[in-house]
Structure formats: structure tokens, C-alpha cells
Amino acid sequence: MSEIVVQKENGTVKKNLTIKNILSKFAPLIGLVLLVVVLTVLSDRFLTVNNVMNIARQSSINSLLAIGMLLPILTAGIDLSVGSVLAISVMLMGVTTVNMGSNPFIGILVCLGVGSGFGWFNGILLTKLRLPHPFISTLGTMNIARGIALIITAAAPIAGFPYMIQFMGREFVGPIPVSFILVIAVYVIFHIFLTRTQTGRYIYAIGGNPEAARLSGINVDRVLIIVYTISGLMAGLAGLVMVGRVNSAFPLAGLSYELDAIAAVIIGGASFLGGVGTVWGTLIGALIIAVLRNGLNLLNVSADFQMTIIGAVIIAAVYVDVLRQRKNKKK
Amino acid sequence: MISKKFKLFGAAVAVSCMALTAGCSGDKANGSGGGDENVSVVLKTLSSPYWKYVEAGAKAAGKKHGVNVNVVGPNAESEVMQQVNMIEDQLSQSPGAIVVAPSQPETVAPSLENAVKSKVPVLLIDSNADFKGKTTFIGTENFTAGQEGGKLLASMLKKGDKVVLIQGALGNPATDERIKGAEEALKKAGMEVVSKQPADSDKTKAMSVMENILEKNEDVKGVFSANDDMALGALRAVKAKNLDVKIIGTDGTEEAVKSILDGGLAGTIAQSPYNMGYKGVENALKAIKGKKVKNRIDSGIDIITKDNAEEKLEFLKKISK
């Protein structure tokens, strides 16, 4: 099965793109379109330029976390620490730029560096300390990072960031939020990385069958460390966008964001078993969540109801994935 | 196979639609007062009794003045970004005014500044936030609340008695102010403050803090706590030692009022979340009509002791329905 997938991702089996395959590939997109249609009918406020740009902005943080999360999930792993890593990254950026008054560029480097550093640490725990599953190593990191984020300023928030740092989360180009342009740019880069580079192909291969990947000479540990480092980097980048949106860093930032990121990846058609999942599916997954939340807010559906509905969507999406797998096995 | 999949997706979409329509029709029934004006109220959460009181007050004001009041809030006070999103989503519906109780005051400033720029009056309740152009802040005068608590405690004790102050998390302006007020009133009344320690507004922490204090000072006669939960924690420590210590809390939660009735706490200085919601909507309407609104409005306090606890409990039960 992994072979089929690898080939598909490489785009070498174009002739396999029958109507059935196209439909199955675009199932999440069809879901998103249907959702938009339904919400447009239900609320006259939904399909306005202002609101669509709201959705673009609101989805950007989760979109960045989700694309980072896609990599561990492709290798049949997971990264539970992204929300906490986001928090520690923005808190340390706050300490350097606001409290110590450093140059904003140094602050941005600190933010992305701390994120990558914690991601790398996750990779080391998994590959060098040989902790049995990334669920455990990243669960540990999740608590460590959150704990430190709370300790740094005794739980006090940091506000008043320089404009340079706020730029990405706050500014617009015409009506389009800079954060959404950033998301598109990052997704294009990830698409190229995963489909056109050797490391990208190795990531799919490891998820499909780690033993086979190892035997075929892939340095699995190296690839895994890269995977978790990138996931951490994306957490830092998402933090940068968040600080721009709210002009403050606070230690509870990103609390339970890992769950929305995982949901986006899974709704976007990736498999928990590894080896299956695409960059654009993930974007659609993140958009589905953002559109749902926004639409439900416009319709004044209570937050409790929203949770219930998003839960149902996750289960439905994964069930579709299960059916797809069954079909693949039958072939 | 494919068609089956489509049925599934159809089903999923159908379920969401049903939930959507059910959700919004349900909300409209209790959210509207039937008027032309719309006021959006975004709270820290809707999932605790305190915020239910605020919601009840806001809706009551809407009904009285014939305003459509829309009360929303995330699942938990820690859902800070979700609250920011909710504010944006409310603003995109162009309400006449917006009333906000910010979870992290700094985080809401950028979106509320935008609201002010687009001429939507912004009223803050419960917790203040620092930004240009807000209409007013409606909340408890914490220093006064603390003073009243101190006076109440002093009235139950003799001059020279030893008292303890239990603080919230250091740096929390609300609880810090209460402690300042209480300390001033207690010293004025001639009490001796033997200990002043933070317990982060947490019941369990307050219990161990109180246990430690009692180790050193068995003759403590009174406690003032910056919130009710900590007062109840301190009460447990005192009960475990079978001591007679008068404990005063702040907030006026149902649990605290019940404890007063059962002879546990000696009293509490109740905040008025109901008033915050009520006055928030009332003044939002004033602002919409272009009338002048004071830039700081006291939502008032109630001093609850055994004498009036029964009444208070009934009121709390009535408005939380």
C-alpha cells in the first residue's frame, strides 16, 4: 500500500486519476464547498468580503500549526507539544523584545529558534533516547514547555510588541491579511518540500513502512529529527502570527491548539497510520474548522454546541478515511 | 463504494445543518428582547455560575429596554483566542454596541480599537482593558470591597485581635486592591495583621497556606480572603483544628452563601455580576443613543452575613435559572 501512496504523491501515476479517484481525493474540498453553501444560505453575513477575510485571519494560526503537524502524522507519529511550544516561543520573544528591549528581528529569531529547538528536542527524545512513541515524548515536552512559559514571568502576560513583530499578524495587503498570504506561501513551500525533495519522499516512505525505509538505506532518525524540528518551527511561526493579532504574549497561549491542528490534518484526509496525507488537504481541513467556528458564531450557536459539531465532523471525516483504506486493501 | 462515501458526506453535512438550525433557533428564543437595536455581549465564558449571573443581568436589561441582546462566550476562560475570534465575529454583524469582559485584557485591545474606529461603542465589564476610545468600565470597586470586608471582620472581633490576609495571585489587580482595602480598614480598627500570604485564588492552596499560618499562630481570630474559594479553603484548615476563627470572603458565590447559612464562613462581600451585565447593556443603549455615559461605573457590592444570606441565596437561584 505504501508504494501506491508514494507513487501517487510523486505524481507518477497520473493515469490512475479516474473520476472515482478524483472524487475520493477531493472529498474534503467538496465538504468545505458544501459547508460554505449551507452557511451562505443560513446567514446573510457569512459571504461578505469582511467576513471571508475574518476567516482567513482566524484560520491562519491553526493552518500553520496543522502543516507542521502533518509531517509527524505522515511518519505515523504525532506532536502534542505544538500549543505549549507556541507559548514558550512567544513568551521568550516577549522577554527579549519588550522586557529587554532587543531588536525586533532578534525577537523573531528567538521565537522561531525556541520553537525549532523544542521540536529538535522532541526528535532527539524519539530517536536517541528511543522513547517508545512520540505521543509520550511530545506529551512530556508539552508539559515542560507550558511549565517554563508560566514560570518565566510568574504567569503574567507581556504586551506592547514592536510593529515589526506585529506586522504579520496584524497588517493587510488590500483586503487580504498578511497572515493568510504567509500561510499560502508556507503551504507552497511544504508542497514542494514533500513532493519534490528527497527528504520529503523519505517522510512518506517512513510513514508507509519504517522498517522497509530503514532497510533501503534511509537515515530514518535524521528524517524524524527534521520532521519534529519543522513542526516546532511552525509552532514558533504560528506564535509570531498570534502575537501580531493580539499584541501580547501570554503563558496560556495555544492551550489545546494541538488538538485543532491534529483535527485539521485528519479532516484533510491524512491517515493516523502514516504515509497518507497532503498539504492541500491539510489546508482544507484547517479551513473547514475555521469556517465552521466562524459560521456557528455568526449564527449565535453556543460554544458548547460548536464543540459537539466539530467532534462529529472529525468522526465523519475519519470514517471516510477508513472506508478509503478498506477500498485500497481490496484492490 | 463512492456513492456510499457521498451518502456519508451528505449525512455529515445534514447533521451539521440540523445542529446549526437547532442551535440558532434555540438561541433566538431566549436572546432577543424584540427591539431594533442590537447589543453584543462577549463574556470570558458562559460555563460558570458567576458568568451565568452576568448573562442573566444582560438579558434582563435587554428585555426591559426592548433591545436585542446577544450573549456569547467560549467554553473556558483560558480560551483566549476563541474570545478574540468571537469579538471579531460579533463585530462583523455590525451591532449597535459591544459589551466585553476580557479574559486577557491586552489581547482584546487591537480588535476593540478597530470597533471604536468604526464607531461601535465599546463597554468593558468585570475586567478593564487599556485602549483608546472605550465608552466605560463597569465593575467592582475592589478597594472599597476590601474596606467593607475589613470593617465587617473588625466588627466581629475585639481590638488587638490577630488577623490574617489571604491574597490572590500576586499582580492580579482585582485581588490586590481588595487586600489593600481590607488591610487599611483592619489596621484602622486596631487589629494586628500577623500574616499576609498569596494563595492564587485557589481553594486547595488556601487550605495549606492557612494550615501553615496556624502552625505559628494558633490564636488567630479572623481571616479576610480576596475571594470566596480561598475563604472556603481557609475554613477547612480552621475546622480541622477546631478553632473559632471568623472568616470573610469576597465574591458572593452560591457555595460561600450556603456556607454562611451553615455557620461556616462569617460573611462575604458579594460582587454584583448580575448588575455588571444589566448596567453593561443599559449603558450600551445610552451610548447608542448618543447620551453621555460615565467613564467608570461601580457595579456595587453587597455585604452578606447570616442575617441576609437566605435572601441572597434565593436571588442567586432565581437568576441562574
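1. Let me start with Pro104(A). Apart from neighbours within four places in sequence, Pro104(A) is in contact with Thr97(A), Pro162(A), Met164(A) and Ile165(A); two residues are in contact if their C-beta atoms, placed from the backbone, lie within 7 Å. Ile165(A) is 61 residues away along the chain, yet its C-alpha atom is 6.2 Å from that of Pro104(A). Pro104(A) belongs to helix α6 (residues 104-127) of chain A. Helices here are DSSP runs of H or I with at least four residues, strands are runs of E with at least two, and both are numbered from the N terminus. With 17 other C-beta atoms within 10 Å, Pro104(A) is partly exposed. The cut-offs are 20 or more other C-beta atoms within 10 Å for buried, 12 or fewer for exposed, and in between for partly exposed, with C-beta atoms placed from the backbone.

2. A word on what you are looking at. This is a predicted model, in which local features need pLDDT of at least 70 and side-chain atom pairs count only at pLDDT 80 or more, while totals for chains, interfaces and linings use all residues. Residues are numbered from 1 along each chain as its sequence is written, and chains are lettered from A and ligands numbered from 1 in the order in which they are written.

3. Helix α8 (residues 163-170) and helix α12 (residues 220-246) of chain A have axes that come within 6 Å and cross at roughly 95 degrees. Axes are lines fitted to C-alpha atoms, for helices over the stretch in contact, and angles run from 0 to 180 degrees between N-to-C directions. α8(A) and α12(A) are therefore roughly perpendicular; angles of 65 to 115 degrees count as such, under 35 as roughly parallel, over 145 as roughly antiparallel and the rest as oblique. On the α8(A) side, the residues that meet α12(A) are Ile165(A), Gln166(A), Phe167(A), Met168(A), Gly169(A) and Arg170(A). Their partners in α12(A) are Leu240(A), Val241(A), Met242(A), Val243(A), Gly244(A) and Arg245(A). By class, this contact has seven nonpolar, three polar and two charged residues. Here Ala, Val, Leu, Ile, Met, Phe, Trp, Tyr, Cys and Pro count as nonpolar, Asp, Glu, Lys and Arg as charged, and the others, Gly among them, as polar.

4. How do α3(A) and α14(A) cross? The axes of helix α3 (residues 27-42) and helix α14 (residues 279-298) of chain A come within 9 Å, at roughly 20 degrees. That makes α3(A) roughly parallel to α14(A). The contact includes Leu32(A), Leu35(A) and Leu39(A) of α3(A) and Ile284(A), Ile288(A) and Val291(A) of α14(A), among others. It has eleven nonpolar, four polar and no charged residues.

5. Please also look at helix α13 (residues 257-267) of chain A. Ten of its eleven residues are buried, so α13(A) is largely enclosed by the rest of the structure. Among the buried residues are Glu258(A) and Asp260(A), as well as Ile262(A) and Val265(A). After α13(A) comes Gly269(A), with a positive phi near 100 degrees.

6. On annotation, an unreviewed UniProt entry lists "transmembrane region" for several spans of chain A, including residues 147-166 and 305-323; UniProt positions are given in the numbering used here, feature names are shortened, and annotations may be inferred rather than shown by experiment. Residues 305-323 of chain A are 100% helix and 0% strand, with end C-alpha atoms 27 Å apart. Residues 147-166 of chain A are 50% helix and 10% strand, and their end C-alpha atoms lie 25 Å apart.

7. Chain B has eleven helices and twelve strands, and 53% of its 321 residues are buried. An unreviewed UniProt entry places "domain: Periplasmic binding protein" at residues 39-292 of chain B. That span is 48% helix and 20% strand.

8. Lastly, two backbone angles to check. Most residues other than glycine have a negative phi. Ser94(B) has a positive phi near 45 degrees and sits in the loop between α3 (80-91) and β3 (97-100) of chain B. Asp251(B), in strand β9 (residues 246-251) of chain B, has a positive phi of about 130 degrees. Asp251(B) counts as buried, with 25 C-beta neighbours inside 10 Å, whereas Ser94(B) is partly exposed, with 13 other C-beta atoms within 10 Å.
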